[in-house]
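Please keep the sequence and the 3D view at hand while reading.

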Amino acid sequence: MKISKNYNLTRLNTFGITVHAKFFVEINKETDLKELLTSVEFKNNQKLFFGGGSNVLFTKDFDGIVIFNKLKGIEIIENNSDFVLVRSMGGEKWHDLVLFSVNQGFWGLENLSFIPGTVGASPMQNIGAYGAELKDTLENVEAYNIETGEKKVFSNKECEFGYRESIFKNKLKGKYFISAITVKLSRKEKKNINYKVLQEYLTENKIEIKSSRDISDAIVFIRQSKLPNPKVLGNTGSFFKNIFITEEKLEDLQKRYPDIPYFKEDDLIKIPAGWLIEQCGWKGKRVGNVGMHEKQALILVNYGGATGKEIENFSLQVINSVEDKFGLKLEREVNLI
Ligand code: EPU
């Protein structure tokens with residue numbers, strides 16, 4: 001285990017912002033973590049656990065230690081005629097776990113194809129897309145308490161998942177290092193193709209779903225056509241969360257905006273933040289080095305050379321204009337550091 005000083009994080013955050021961390025360390029095996037926990041650099045500094053850097057906005061240098069999870073390995077730990085349990089270490093790329101699963105015909109992760117980031121980061125915000133969330137398949141999360149060094153296995157329920165939320169982002173923020181997750185996948189067909197955008201794409205292209213791999217391929221195609229590639233244009237996927245409102249609020253909004261799109265999810269009503277932002281004229285708009293993507297108004301992009309502060313300021317303007325027009329407060333999905 002090697003602790004580096006004044007480490008450049010440009011290539012490690014998908015916004016491509018140039019900032020430095022006072023200390024930086026890679027965790028390649030679980031014993032590295034044990035060693036790290038006793039080090040002075042770890043004990044005396046604020047900590048930031050890092051996966052793919054695809055959900056973080058640095059507004060300044062990080063005056064602490066960045067811990068980069070590089071634990072590797074994906075294995076089937078239980079296998080029967082109905083389901084399989086697949087365990088993946090936290091440093092694996094999320095999409096590699098999806099591919100591992102769909103290539104063997106397992107059902108459950110296909111709707112979450114091509115989400116950037118790592119497996120270890122996935123429970124933090126209960127990643128979700130195309131009508132599925134991690135919580136639908138997650139069996140447990142293995143994580144180390146960074147004060148005691150003890151490992152705890154969190155059941156799905158103990159993770160307190162919500163829309164882009166978990167206990168690791170709230171009550172236990174910064175207290176655990178996620179080393180591995182286990183997902184429970186179905187061996188029997190379990191199609192989930194009700195999400196509007198997905199359904200439209202399958203119908204338009206006359207695609208018949210025969211395997212989880214077919215769904216995965218469709219989603220990779222949709223995402224590639226709509227979401228900018230962070231290697232070309234710095235971004236973190238959705239910068240904001242969608243908004244959930246009550247029936248009364250919807251009725252009120254419909255009086256002024258009869259065309260407002262909405263989706264019923266459980267007992268709440270989801271208003272796509274992308275629509276609200278688009279209505280305020282931000283879609284495709286650029287200010288200096290920062291802009292709102294032309295194909296998806298939820299995605300803030302760095303056209304090159306933007307600072308974290310510039311991106312933050314741009315996002316504040318968007319939040320204010322949506323609040324002025326609709327009386328709805330956008331929340332960031334991205335973590336500001
Ligand atoms: N819409 C617009 N204008 C836009 C974008 C969206 O009007 O520019 C409206 C349309 O009504 C559209 C609806 O929003 O029908 C839904 O759009 P889309 O399917 O693109 O999804 P989203 O709600 O904007 C969410 C997730 C994405 C995920 C997609 C697909 C959040 C914050 N975002 O976006 O997640 O990929 O659904 O399921 O929940 C991410 O979190 O980084 C991310 C990309």
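## Exposure and the basis of the report

A residue is called buried when its relative accessible area is under 20%, exposed when that area is over 50%, and partly exposed in between, using a 1.4 Å probe and protein chains only. By this definition K135 is partly exposed, since its relative accessible area is 32%.

The structure is a predicted model, in which local features need pLDDT of at least 70 and side-chain atom pairs count only at pLDDT 80 or more, whereas totals for chains, interfaces and linings use all residues. Residues are numbered from 1 along each chain as its sequence is written, and side-chain values use heavy atoms, with hydrogens and water left out.

Helices (H or I, at least four residues) and strands (E, at least two) are DSSP runs numbered from the N terminus, and two strands pair if DSSP finds at least two bridges between them. Strand β10 (residues 138-145) and strand β11 (residues 151-155) run antiparallel and are joined by five bridges. Within this pairing, V141 has F154 of β11 as its bridge partner. Five residues lie between the two strands of the hairpin, where G149 takes a positive phi near 80°.

## An open sheet and its helix

Which strands form the open sheet, and in what order? Four strands take part, in the order β13-β19-β18-β17, and their pairing is antiparallel. β13 (234-235) and β17 (286-287) stand at the edges with a single partner strand each, so one side of each has no neighbour in the sheet. Helix α8 (residues 308-326) packs on this sheet and touches β17, β18 (290-292) and β19, where contact means heavy atoms within 4.5 Å. The direction of α8 makes about 35° with that of β18; axes are lines fitted to C-alpha atoms, for helices over the stretch in contact, and angles run from 0 to 180 degrees between N-to-C directions.

Two bridges join β13 to strand β19 (residues 300-302), and these strands run antiparallel. N235 stands opposite V301 in β19.

## Salt bridges

A salt bridge is a side-chain nitrogen of Lys or Arg within 4 Å of a carboxyl oxygen of Asp or Glu. By this rule the count is 23 salt bridges. Side chains of opposite charge can pair when their charged atoms come close.

One of these salt bridges links K135 and D136 at 3.9 Å, N to O; D136 is partly exposed, at 48% relative accessibility. Another joins E158 and K152 at 3.5 Å, N to O. E158 is partly exposed at 34%, and K152 is partly exposed at 30%. K191 and E189 also form a salt bridge, their closest N and O atoms being 3.9 Å apart. Here K191 is partly exposed, at 40%, whereas E189 counts as exposed, at 51%. Salt bridges with shared partners join E30, E75, R87, E142 and K151 into one network.

## A buried residue in a strand

Is E133 buried or exposed? E133 counts as buried because its relative accessibility is 17%. E133 lies in strand β9 (residues 132-133). Leaving aside residues up to four places away in sequence, E133 touches L112, N126, I127, G128, G162, Y163 and R164.
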